[in-house]
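Me: Please take a close look at one part of this structure with me. Walk me through how its pieces are arranged, and keep it brisk.

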There are 2 protein chains.
Amino acid sequence: MDETLPRTGTNESGVSQDVLAVFLPSGKRGRFPVGTKVLAAARQLGVDIDSICAGRGICGRCQVSVSSGEFQKFGIHSRPENLCARTALEKRYAELRSLAKGRRLSCSAQLTGDAVIDVPAESQLHKQIVRKKAESRNVEIDRVVRLHYVELPPPGLSDQRSDVARLKQALAAEWGLDELTVAQRLLAELPLLLRRAEWRVTAAVRNGSELVALWPGFHDRVFGLAVDIGTTTIAAHLNDLETGEVVAAAGVMNPQIRYGEDLISRVSFIQQNSGSLENLSAAVRRAVDGLARETAATAGVKGTDIIDMSVVGNPIMHHIFLGIDPLQLGSTPFPLVVDEAVTVPAGALGLRSVNPGVQAYLLPCIAGHVGADTAGVILAEAPHRSDEMTLLIDVGTNAEIVLGNRERLLACSSPTGPAFEGAQISCGQRAALGAIERVRIDPDTLAPRFRVIGSKLWSDDPGFAEATADFGVTGICGSGIIEAVAEMFITGIVSRMGLIDGERFPGCDWLEREGEVYSYRLSGGQPGVLITQTDIRAIQLAKAALYAGTRLLMDMLGVETPDRIVLAGAFGSFIDPKHAMILGMIPDCPARRVRAAGNAAGTGARIALLNRATRREIEALVQRIEKVETAADPDFQKSFVAAMALPHARHPFPHLAKWVPLPSSARKHARQDKAFQDNPHPAQHPKSRC
Amino acid sequence: MDETLPRTGTNESGVSQDVLAVFLPSGKRGRFPVGTKVLAAARQLGVDIDSICAGRGICGRCQVSVSSGEFQKFGIHSRPENLCARTALEKRYAELRSLAKGRRLSCSAQLTGDAVIDVPAESQLHKQIVRKKAESRNVEIDRVVRLHYVELPPPGLSDQRSDVARLKQALAAEWGLDELTVAQRLLAELPLLLRRAEWRVTAAVRNGSELVALWPGFHDRVFGLAVDIGTTTIAAHLNDLETGEVVAAAGVMNPQIRYGEDLISRVSFIQQNSGSLENLSAAVRRAVDGLARETAATAGVKGTDIIDMSVVGNPIMHHIFLGIDPLQLGSTPFPLVVDEAVTVPAGALGLRSVNPGVQAYLLPCIAGHVGADTAGVILAEAPHRSDEMTLLIDVGTNAEIVLGNRERLLACSSPTGPAFEGAQISCGQRAALGAIERVRIDPDTLAPRFRVIGSKLWSDDPGFAEATADFGVTGICGSGIIEAVAEMFITGIVSRMGLIDGERFPGCDWLEREGEVYSYRLSGGQPGVLITQTDIRAIQLAKAALYAGTRLLMDMLGVETPDRIVLAGAFGSFIDPKHAMILGMIPDCPARRVRAAGNAAGTGARIALLNRATRREIEALVQRIEKVETAADPDFQKSFVAAMALPHARHPFPHLAKWVPLPSSARKHARQDKAFQDNPHPAQHPKSRC
């Protein structure tokens with residue numbers, strides 16, 4: 001046996017009768033006197049076992065079991081009998097809350113012989129969060145706010161300590177919380193609460209230093225809300241802070257929409273209507289409060305049990321949520337008012353549906369157009385923890401682009417404008433019921449078929465008309481227009497330079513001519529849905545801006561092909577990577593290395609909610625991200641013009657070519673497009689961005 | 001010359017041409033290259049020179065002058081010419097704000113030869129506070145909130161830092177403020193303020209770590225409010241945080257009086273009227289806010305320039321101000337809800353007349369009846385910094401008593417009841433216009449004479465009737481009743497046991513008989529002012545409680561005669577120490593060692609306001625004060641009974657006897673008072689205290 005193992009104390013007879021305890025999965029082990037409590041042994045070895053009640057047999061968080069058998073590696077024979085028989089405390093707990101066969105409360109069970117002790121995942125303080133589909137990062141739980149149950153001696157003539165001193169000293173003695181501050185708000189509640197609770201309370205302590213909430217008696221379920229404030233929608237996920245599990249999710253339209261559909265119109269509204277900032281702030285705060293209420297109700301949770309909160313959003317949403325005028329973000333050089341992470345008490349945000357002790361954590365912003373939402377995406381996708389050259393793209397009115405790996409990380413935003421969201425498109429619309437979201441064009445007949453939001457049928461499937469009768473085909477949304485243009489390109493309808501080449505397909509039913517220009521008819525009826533030459537130009541401008549931004553970062557890092565591409569955001573989930581690459585929205589890359597990450601910003605908020613170290617991680621990382629200003633870069637305009645072509649005028653797409661046969665006509669048509677090449681509407685490049 | 005002196009760098013030619021700079025009064029010295037700025041030299045040596053503008057020649061705080069002559073001690077000849085000629089910066093400053101002859105701005109003037117440099121008191125960062133009369137402690141200024149002027153580069157395409165980062169980095173670079181947090185409230189103001197101020201701002205930084213306020217441009221006058229919340233009155237002193245000078249003072253009746261005259265009735269009111277705590281809290285907070293407004297107006301200061309605040313008060317006033325139910329303080333074992341020092345933002349207290357960045361600092365409480373006001377008294381009188389055995393007494397409805405020196409410090413409170421405040425006295429009243437406050441009795445004729453509040457004339461002075469005609473003689477206040485009883489005792493009217501001995505002075509005009517008991521008439525008319533036997537008993541009970549408490553502490557420390565006695569509080573200023581000692585309110589002590597300290601609690605608040613180290617000092621001290629519970633002590637009741645006699649049944653008053661001839665009859669009358677001795681109304685001892 002290993003004589004170097006730690007051993008502590010002797011048993012009551014004064015004669016050492018040590019036994020060996022090995023904890024799995026950590027493998028930590030040590031020798032202890034017979035009679036040592038399993039939890040005490042674990043604590044001495046630094047084995048990670050959870051506990052809220054400090055060994056009173058109430059919380060049941062510290063359950064373990066004993067493995068049976070010969071463990072030659074440790075030179076012991078481990079048997080359940082090598083712990084003492086079930087204690088009175090364990091029997092009481094088993095009666096009240098049930099205790100599975102073989103399970104022991106480590107705070108009560110004592111070592112009587114050599115034992116290999118299994119600490120199940122759910123008994124570990126730092127447990128892995130169960131990952132959701134589309135989430136790439138493993139994160140373990142390390143709560144910012146932790147619960148600590150204490151029982152206090154009541155005051156008497158011989159013990160006249162103040163209520164605060166009594167509570168703080170108990171938390172220091174039992175939990176080692178030495179430097180605790182007490183939120184002033186709690187002082188008023190304290191005397192009545194302690195007495196009604198008969199001096200047994202559960203304290204919520206933030207960052208090991210700040211007492212933020214108190215419950216009478218034993219309390220072990222608390223929750224955290226992760227909020228993603230988008231320009232269009234606000235999404236919230238309520239998480240069980242013990243398991244990390246999402247217990248409820250809800251979304252709501254951002255009520256600021258009544259003040260302006262997009263960011264720039266909201267900034268203008270604030271600028272033109274004095275006092276309106278308060279209204280916009282109040283609107284988004286009320287909406288977030290409503291989501292807290294709604295998710296709590298769905299999960300059957302009390303609002304006061306929501307004890308932590310994390311928030312992401314683009315810089316303008318972030319600033320307005322904090323009550324900061326976003327005016328500066330609307331014009332060059334786009335400085336943020338605050339970029340560092342901000343912590344704000346619930347009360348200062350007017351949030352009434354969460355515990356008043358909540359300190360909402362807003363992830364840091366990165367640059368003028370690269371916000372806390374992008375910080376969330378980075379936290380979720382963790383390019384900085386990988387050797388892979390990772391390209392993260394979050395497409396909205398602006399595209400946020402991040403490129404790099406553990407060595408370097410670059411970020412910029414690019415003014416794509418709202419075309420990808422269906423705006424500035426003749427038949428375009430927001431992604432809503434009846435909008436065309438998928439498009440295929442028959443390469444032989446050039447006949448279109450499509451799917452609309454609200455039905456899974458294609459337009460040429462039987463029953464399509466009936467299935468969509470209630471809402472009809474109302475227009476085309478962002479993912480639809482991308483597929484339409486991409487399909488038009490690979491079928492040769494649209495040239496490499498973006499010209500609808502009606503002359504090439506005389507008599508084609510789906511091409512309509514008006515003067516010199518053609519349109520492609522996707523759906524019949526009046527007015528129906530047409531893709532016009534102007535629509536194609538709008539998409540070209542948007543995709544060129546996106547590509548040029550990406551290219552700028554790639555050139556700065558000398559990257560030709562990223563190791564992986566992650567499309568973040570709702571839009572990223574709806575577009576087909578193949579069609580995006582056909583258009584040259586994203587650079588060439590093996591198909592299997594392109595992935596839609598869903599609401600990665602929201603996932604990042606959730607990670608920051610559940611693991612306190614990740615807050616420090618993203619705060620430090622943001623400092624070292626190199627912020628690239630596309631507007632300031634002379635290469636950007638040049639790169640932008642070259643990126644107007646499909647997929648690109650200069651850069652080859654070898655992986656894409658293996659995957660989709662690009663039209664052979666592309667090169668031929670390039671010459672016909674000379675007029676466009678000479679004047680590719682650079683004036684349409686949206687200079688003022690928001 | 002001393003070659004061990006520090007020297008730093010070389011001049012531009014690379015050849016060391018060191019000169020010696022000696023700073024007075026500190027005597028710190030070092031060698032520096034010719035051309036070194038005086039302030040830079042001072043900083044390197046750790047010489048204490050103030051500056052707000054960081055060497056921009058704006059604030060003028062860093063002025064010094066050069067001493068002329070031979071300084072053999074340093075081996076140099078110092079001349080004003082050993083600094084460079086007046087710089088452009090100094091000339092500009094002299095034009096704008098004037099610069100006295102011989103004065104130099106140390107941030108601009110350079111060393112050209114050996115020089116002895118005088119740092120005048122007003123240029124020192126840690127300057128002594130000018131002490132007021134009745135203040136015993138020297139305190140130097142060491143502001144909790146300091147001002148720092150910075151000029152920021154405006155944002156541009158090559159510098160897109162956020163407003164917060166820009167400001168924080170400037171404060172870190174120029175002032176070494178590395179770990180600064182920014183109050184969330186400031187974020188909303190920041191962008192507009194920085195731009196309107198053209199990127200020149202003065203920052204107020206609390207404890208070197210928290211940015212709490214900002215002013216456009218250069219700002220160098222800020223103020224702090226020291227508040228003493230008494231049961232009856234609230235007093236506030238507005239202090240210039242640069243000089244420590246009181247620029248305005250104001251007082252107001254505590255508006256809680258409408259809910260109850262004394263503490264116990266207010267606690268009862270809160271107990272009986274649910275929701276009334278909010279009203280009492282709001283009332284006192286509004287009053288404090290009003291005092292901030294009033295003192296600022298008096299001094300011609302903007303409310304936003306009040307940037308710090310300290311508060312003292314007894315435990316009940318302290319708790320109600322914080323919005324804490326004081327119920328527990330009304331009954332045994334009288335536990336405080338919070339004893340540690342508390343810092344509360346102005347907004348949480350509803351204070352609108354001070355800068356919203358104010359963090360009000362409430363001094364710690366000591367025990368259930370020994371509050372932040374006593375902590376203030378201790379800070380002001382500093383018994384813990386002295387070898388002298390010091391007795392501090394603050395008399396109110398409860399007396400707070402502190403005894404000790406740097407070795408040990410004991411504190412208790414004693415239930416004197418309200419007799420000393422004129423309550424429970426037949427003709428008693430609050431100290432107000434027309435109340436008798438001074439009393440003398442002619443030892444031969446037993447004729448009284450007195451003075452009333454509102455006139456400096458004695459009642460037997462000519463013109464007294466005219467001078468007091470507007471208000472008349474309305475009753476007798478605390479200091480008056482003490483002097484009356486003491487004078488009655490030394491003239492033999494009252495026996496040692498407190499009996500009005502009418503039989504002894506047959507036919508005396510001022511003694512009135514009713515049944516078996518006598519009264520002494522102080523003033524004529526109907527009803528006039530009488531001192532009744534019951535009044536004497538009330539005063540005896542009060543003084544016995546006070547003495548018994550004091551005695552308990554003295555016995556615990558084995559002290560017979562304190563080295564000094566300090567009477568704190570308004571009441572302490574009005575009573576005559578001699579009369580107090582004649583009654584045996586305070587123990588025997590040489591007359592010159594008894595002193596009234598005025599509002600020492602308020603002085604303590606002012607000290608904590610002006611010197612941040614004193615906050616840590618009192619917080620640490622309160623931890624080590626031994627809290628003595630009189631109610632829990634079996635000796636207290638016994639001691640209380642013995643203290644009913646005048647001045648005391650058991651303890652001699654040798655110093656008093658040298659000072660005032662105590663009546664020879666005292667001993668003789670003791671026997672006559674046997675009936676009283678057997679039943680000294682112990683039931684009247686107020687058991688429930690507040």
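Reply: An angle here runs from 0 to 180 degrees and compares N-to-C directions, using axes fitted to C-alpha atoms. Keep that in mind for the helices. The model is predicted.

Take the open sheet in chain A. Four strands build it, in the order β8-β10-β11-β9 (chain A). Their pairing is mixed. Look at the edges next. There stand β8 (145-151) and β9 (181-182) of chain A. Each has a single partner strand, so one side of each has no neighbour in the sheet.

Now follow β9(A) to its partner. It pairs with β11 (residues 210-216) of chain A in the parallel sense, over two bridges. One residue pair to find on screen is A:T181 with its bridge partner A:E210, which sits in β11(A).

Next come the helices. Helix α3 (residues 163-175) of chain A packs on the sheet. It touches β8, β9, β10 (200-206) and β11 of chain A. Its direction makes about 105° with that of β8(A). Helix α4 (residues 184-196) of chain A lies across β9, β10 and β11 of chain A. It runs at about 30° to β11(A).

Finally, step back to both chains.

Key:
Residues numbered from 1 in each chain as written. Chains lettered and ligands numbered in written order. Predicted model: local features only at pLDDT ≥ 70, side-chain atom pairs only at ≥ 80, totals over all residues. Heavy atoms only, no water. Pairing = 2+ DSSP bridges. Contact = heavy atoms within 4.5 Å.
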